[in-house]
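Q: Could you walk me through this structure, one piece at a time? I'd like to start with a sheet and then move on from there.

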Amino acid sequence: MSIDAVTLAILKGRLEQIADEMDATLFRSAFNPIIAEAHDASHGIYDAVTGETLVQGKSGLPIFVGVMAFAVKAVIDKAAASGGVHEGDVWIFNDPYDGGTHLSDFRLVKPVFRDGSLFCFLASVGHWHDVGGNVPGNYNPVATESFQEGMLIPPVKLYDKGEWRQDIVDILSANSRLPLSLYGDLNGQINALDLGERRIHALIDDYGDGTVADCLGELKERAAQMMRAQIASLPDGTVSAEDFLDNDGIVDEPLKIALDMTIDGDRMVLDFSRSSPACAGPVNISRSTTIAACYVALKHVFGDVPANAGVLEPVDFRIPEESLLSVKAPKPVGGYTETILRLIDVVFEAVARIAPDDAMACAYGTINALSLAGHRANGQRWVMFSFFGGGHGAHGHGDGLNHGNAPISTATIPPLEILEAAYPVCFTQWALRPDSGGAGEHRGGLGAIYEIELMEKSADVFLFGERGKFAPRGVAGGGDAAVNRFTFQQNDGEHQPPMVSKMIGIKLKQGQKVRLETPGGGGHGDPGKRPAAAIARDVRLGYVSPEAAERDYGFEAGNGEAGQ
Amino acid sequence: MSGRIVIGVDVGGTFTDIFVLDEAAGTVKTGKVPSTRGDQSKGFVEGIGGLVPDFSAIGTVVHGTTVGTNALLERKGARTGIITTAGFRDVLEMRRRDRPTTWGLAGSFEPVVERPDRVEVDERVLADGTVRLAVDPESVRAQAMALREAGCEAACVFFINGYANDTNERVAVEAVRSVWPNAHVTAATEILPEIREFERLSTATLNAYLQPVVSSYLDRLETGLKGRGFGGDVLIVQSNGGVMSVETAKRYPVRTALSGPAAGVIAATAIASAAGFDNIITCDMGGTSFDVSLVAGGEAALAAQTAIDFGMVVRTPMIEITTIGAGGGSIASVDKSGLLQVGPESAGSDPGPVCYGLGNDRPTVTDANLVLGRINAARPIGGKLDRLDVEAARAAIARVVAGPLGLSVEDAAEAILKLANAKMAGAIRLVSIEKGHDPARFAAMPFGGGGALHTGALIKEVGLGSALVPRFPGVTSALGCVVADMRHDRVQTVNRLVDQVDTAALGREMEAEAGAIRGVLEASGIAFAAIDTVYELDMLYLGQTHTVSVTLDGAGPDLTAADIRTAFERAYRAAYGRLLDGIAMRVMNYRVAVIGRRPDLDMAVFAPENGKPAEACRTGTRTVWCDGAAHEAGVYERLDLAAGERIAGPALMEQADTTIFVDPGLEAVVDAFGNLVIRRMEVSHG
């Protein structure tokens with residue numbers, strides 16, 4: 001190693017700042033709220049040869065941290081087969097089988113040249129508002145092929161040696177219900193890459209390309225070293241955890257995600273061999289997505305490991321080909337968020353079996369992509385599409401957070417006043433959901449209730465959710481949370497979808513409502529050990545009903561919290 | 001006017017700083033007394049008495065207060081009730097569905113108002129302002145009585161979409177007051193008539209939560225001053241850097257959330273401007289944090305909102321202060337991958353650095369400065385300790401950093417400083433380069449106790465043009481009180497496409513708002529050199545959710561859509577570079593600010609009198625480690641230096657409230673106002 005520890009620490013901070021600044025540029029200038037408000041985007045710096053993640057921003061969507069390397073590698077391979085990479089090129093694509101996640105996520109990859117030779121890649125990924133397919137917003141719960149989910153663009157050049165290719169943009173725009181939003185987001189991503197390139201050059205000007213290159217290599221080695229130390233701190237052995245998806249949206253049968261986790265000294269094996277085979281509906285994921293989800297789970301468990309490829313060096317994966325967790329085109333993958341949330345749950349559950357004291361229970365575990373769409377009186381199309389929140393799992397040191405965001409995301413929810421100003425809807429409730437957190441010495445955080453009334457003549461409703469049958473699990477003796485519950489009104493009364501939390505194209509009339517009750521988080525530890533004062537407080541605040549307090553804790557009103 | 005004496009008072013956690021300006025005599029006095037915990041007004045009044053025995057000679061007392069900030073951070077506001085739209089009692093607790101940290105899911109949040117104190121009434125306003133369901137005053141009265149009986153001292157009425165039509169809120173507030181006569185009843189839209197329910201409710205709730213605490217403090221303060229014969233005005237510094245009357249502060253206490261730090265930035269701006277520097281980056285280094293603010297063209301940058309703590313959002317214009325966890329007490333460690341870390345964990349000021357000898361054994365930034373000879377062990381600043389323990393600091397650095405990294409103690413200490421400096425440099429880049437400013441055009445202005453040790457390194461690391469060290473860095477905030485302008489801001493949500501806005505009506509409304517605020521300023525009885533009005537729109541392209549701040553040349557009935565479009569395109573191009581032709585533009589909010597400019601303070605009052613040549617101020621030398629080598633640095637009594645004196649680095653300058661390190665390759669010059677200007681040797685001139 002030719003780089004000293006102090007320069008390394010300083011350069012690490014500078015590089016992370018570049019990636020963060022790229023994130024911020026896109027968040028501020030993006031058009032669609034999924035990027036601007038929900039931060040469903042990410043930026044990073046990648047290896048010139050392997051595409052491996054060198055540095056990733058801290059503010060982007062966590063799941064992209066692991067998956068972007070596959071996207072850059074896809075471009076490297078495609079370029080190698082078609083004349084190589086050139087200065088001024090920018091590649092664009094959304095192929096989820098190579099690049100991970102789903103069709104909504106468009107990736108832009110830009111090579112950075114230094115004195116005529118390739119130094120590194122920069123990449124930007126963002127979730128676009130609409131990319132065609134059968135369902136506005138692209139969460140099609142009944143897709144059986146990716147063609148029903150949206151357009152699929154393989155890696156192509158958006159800029160060819162610095163020249164803008166309008167024909168590519170024309171193709172993209174023609175395939176979206178919301179072309180202006182697409183154009184705005186695309187521009188934001190280009191702005192972010194341009195800024196990243198300027199910053200990288202300024203950094204190399206300050207430190208020299210040799211030093212920066214050495215630093216990037218060294219950071220990867222340090223990350224691997226830290227991960228090995230973290231793994232070595234766990235006891236050797238194999239533990240198993242199984243959890244389930246409700247169904248695939250096509251056939252109402254549960255799908256199993258099984259993990260056998262082996263710790264052997266400073267290495268870890270994550271074996272998913274006992275998981276379900278590929279399914280007909282859109283909850284399949286590609287292998288790259290599976291690896292990325294495990295990375296997110298491990299980073300939640302070991303918070304201080306850095307965001308680069310070295311972290312996965314001591315981890316071996318066993319993911320059977322053609323399983324639910326490793327599908328190929330054109331198997332549908334639009335609902336990947338639900339599957340990776342369950343992957344994170346099984347990692348948390350497995351870790352809790354070997355190190356229960358510090359473990360986290362499962363969070364609410366579903367993205368609840370709800371879409372209401374229709375036409376206004378003047379014929380203008382509207383699509384309200386949003387993800388909803390739920391409770392976080394309890395942990396060894398306290399209760400879970402009420403109404404948090406998903407572990408794969410740092411998204412905030414749009415203000416209901418912004419939604420009401422933009423779309424013909426009126427929220428009639430926006431509240432915490434009592435009794436939704438799992439019981440335990442530490443109680444799971446509460447989920448939420450959202451109730452929405454339609455103000456226009458009619459609309460189509462789509463929902464892509466999970467945890468309608470299998471509740472978020474507690475750990476270390478803690479209880480499970482409440483399941484996800486969705487209801488909608490029709491002329492003849494209130495209904496629940498046949499697939500529980502997945503639904504396509506239900507017609508809603510003016511004045512009718514939809515209601516989402518989201519899961520809380522699982523509990524941690526034996527409920528019998530929860531102090532009476534804490535239970536009394538839960539009852540007083542309405543977090544837990546008196547009936548549930550008696551059932552789950554054997555608690556009778558009047559105990560604890562004397563003087564309150 | 002009962003007198004020509006203006007007094008600035010900044011109450012900090014440890015000390016109360018007092019700055020006395022005698023306008024008639026053209027003289028200043030400064031004082032420092034211990035803050036009186038529990039009731040800050042006691043130390044406040046006694047501190048003034050120590051400097052100005054005759055209170056009737058005092059015309060104005062201007063105060064930067066941390067009473068509000070501390071009540072928020074320590075959650076010691078009043079028990080507050082919220083009366084809200086049925087179905088929405090949990091908006092405050094649900095936040096914007098966020099979490100405190102990206103990685104790890106162990107965060108928690110306690111709202112300042114518990115769930116049983118958040119009660120609902122039937123009512124509903126739609127997004128277009130239509131009243132769908134009128135509020136029944138009787139139901140409000142019943143809920144108000146229940147809150148009162150439960151023991152609440154303050155109440156906030158918050159209804160969904162109130163920004164679009166506040167009729168129901170006004171009726172409800174009236175109903176609350178009819179059964180509960182109380183000065184602490186807040187309508188959310190009165191505090192912030194802006195779209196986004198959580199941000200509006202959070203701001204309004206925190207306002208109500210602070211009202212009883214801040215009001216009673218200000219009452220005690222006024223009583224204390226009057227009891228000593230004071231007959232002038234008391235003004236309070238707001239987070240936006242302007243001052244307000246006590247009456248306004250009691251209505252809008254949430255505007256004092258960053259009162260103290262804002263005063264510091266205002267002072268820095270005034271000092272720098274007098275010294276000929278319009279572009280500065282202020283650097284306030286404390287025990288646990290490093291706060292930076294950007295001042296461009298003589299104006300401090302403002303932020304629309306800030307979070308005092310996780311989930312405690314305050315949305316009112318505030319001086320934009322970027323804080324990172326790098327202070328004198330920041331702890332150095334080596335992580336599991338062998339990388340050196342500095343902060344964000346901090347030993348604070350108690351137990352503080354290892355060298356304080358108060359029980360901490362992990363090395364800090366201050367310990368590194370001490371080991372490298374930059375701090376005088378026999379002369380600790382602040383006056384609490386008699387001397388610092390160099391050997392203990394060395395031992396801690398040897399054990400925790402030098403050993404694991406295989407470095408000498410001096411190299412390890414320098415590594416700690418380099419990393420701390422790199423973090424501070426990152427914060428400066430964040431407010432300058434990332435906002436499109438060239439750091440070479442900016443001077444760093446350190447205030448507080450520790451900043452002046454690091455400014456030289458920041459000049460080198462970020463490429464800043466120079467550094468400006470004020471004559472009394474320790475009383476900067478108190479000085480800021482004396483020079484701050486009076487300022488009031490008003491925002492109102494519009495939420496229409498430019499094509500759909502009646503621009504003449506909008507222009508008239510903005511002008512009328514400005515007139516109303518001007519009336520408030522004129523009624524304050526304060527003399528202004530000028531009154532300025534700023535008209536702004538928050539705008540965006542249709543489809544975006546983040547706005548760009550667009551400054552208008554003026555308002556009034558002549559405002560046209562073309563004016564608005566031109567101004568937006570100018571602002572958008574500056575922010576992002578690429579315009580988006582063919583996409584409609586939307587006006588989200590309008591903002592009006594009226595600023596009463598106070599007369600400039602003649603900074604010549606700080607000019608050194610009877611200053612001496614550098615050689616006469618030299619008290620000795622100290623060995624200082626820098627860039628891997630030992631240097632023999634001259635040590636000087638800073639306050640004795642005459643204007644125009646020039647000292648080449650490496651050099652150390654000492655005074656009661658700070659130590660200044662001039663790095664090798666830099667030089668310091670005393671300017672006509674007593675400031676030290678530090679620059680690179682090769683670019684110095686004259």
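A: Let me start with an open sheet in chain A, whose five strands come in the order β14-β15-β20-β17-β18 with antiparallel pairing; two strands count as paired if DSSP finds at least two bridges between them, and helices (H or I, at least four residues) and strands (E, at least two) are DSSP runs, numbered from the N terminus. This is a predicted model, in which local features need pLDDT of at least 70 and side-chain atom pairs count only at pLDDT 80 or more, while totals for chains, interfaces and linings use all residues. Residues are numbered from 1 along each chain as its sequence is written, and chains are lettered from A and ligands numbered from 1 in the order in which they are written.

Q: Switching to helices, at what angle do α1 and α7 of chain A pack?
A: Helix α1 (residues 5–29) and helix α7 (residues 209–232) of chain A pack at about 90°, with their axes 10 Å apart; axes here are lines fitted to C-alpha atoms, for helices over the stretch in contact, and angles run from 0 to 180 degrees between N-to-C directions. That makes α1(A) roughly perpendicular to α7(A), on a scale where angles under 35 degrees count as roughly parallel, over 145 as roughly antiparallel, 65 to 115 as roughly perpendicular and the rest as oblique.

Q: Which residues make the contact?
A: From α1(A) they are A:T7, A:L8, A:L11 and A:K12, and from α7(A) they are A:T211, A:V212, A:C215, A:E218 and A:L219, where a contact means that the C-beta atoms of two residues, placed from the backbone, lie within 7 Å. They divide into five nonpolar, two polar and two charged, with Ala, Val, Leu, Ile, Met, Phe, Trp, Tyr, Cys and Pro counted as nonpolar, Asp, Glu, Lys and Arg as charged, and the others, Gly among them, as polar.

Q: What about A:G335, is that buried or exposed?
A: A:G335 is buried, with 28 other C-beta atoms within 10 Å; a residue is called buried if 20 or more other C-beta atoms lie within 10 Å of its own, exposed if 12 or fewer, and partly exposed in between, with C-beta atoms placed from the backbone. A:G335 has its place in the loop between β11 (315–318) and α9 (336–354) of chain A.

Q: What does A:G335 touch?
A: Not counting residues up to four places away in sequence, A:G335 touches A:Y139, A:P141, A:P282, A:V283 and A:F464.

Q: OK, over to chain B: how many helices and strands?
A: Chain B has 17 helices and 35 strands. Its radius of gyration is 26 Å, close to the 26 Å that the globule rule gives for 686 residues, so chain B is as compact as a globular protein of that length; the radius is taken over C-alpha atoms, and the rule is 2.2 Å times the number of residues to the power 0.38. Of the 686 residues of chain B, 56% count as buried.

Q: Why is β28 of chain B said to be largely enclosed?
A: Twelve of the 13 residues of strand β28 (residues 585–597) of chain B are buried, so β28(B) is largely enclosed by the rest of the structure.

Q: How many bridges join β26 to β28(B)?
A: Twelve bridges join strand β26 (residues 530–541) of chain B to β28(B), and the two run antiparallel; in β28(B), B:R591 is the bridge partner of B:E536. Strand β25 (residues 486–497) of chain B also pairs with β28(B) in the antiparallel sense, over ten bridges, and there B:Q492 stands opposite B:Y590.

Q: Last one, how many residues does each chain give to the contact between A and B?
A: The contact takes 56 residues from chain B and 64 residues from chain A. On the side of chain B that touches chain A, α12(B) gives the most, with seven residues, and the residues of that side divide into 23 nonpolar, 15 polar and 18 charged.
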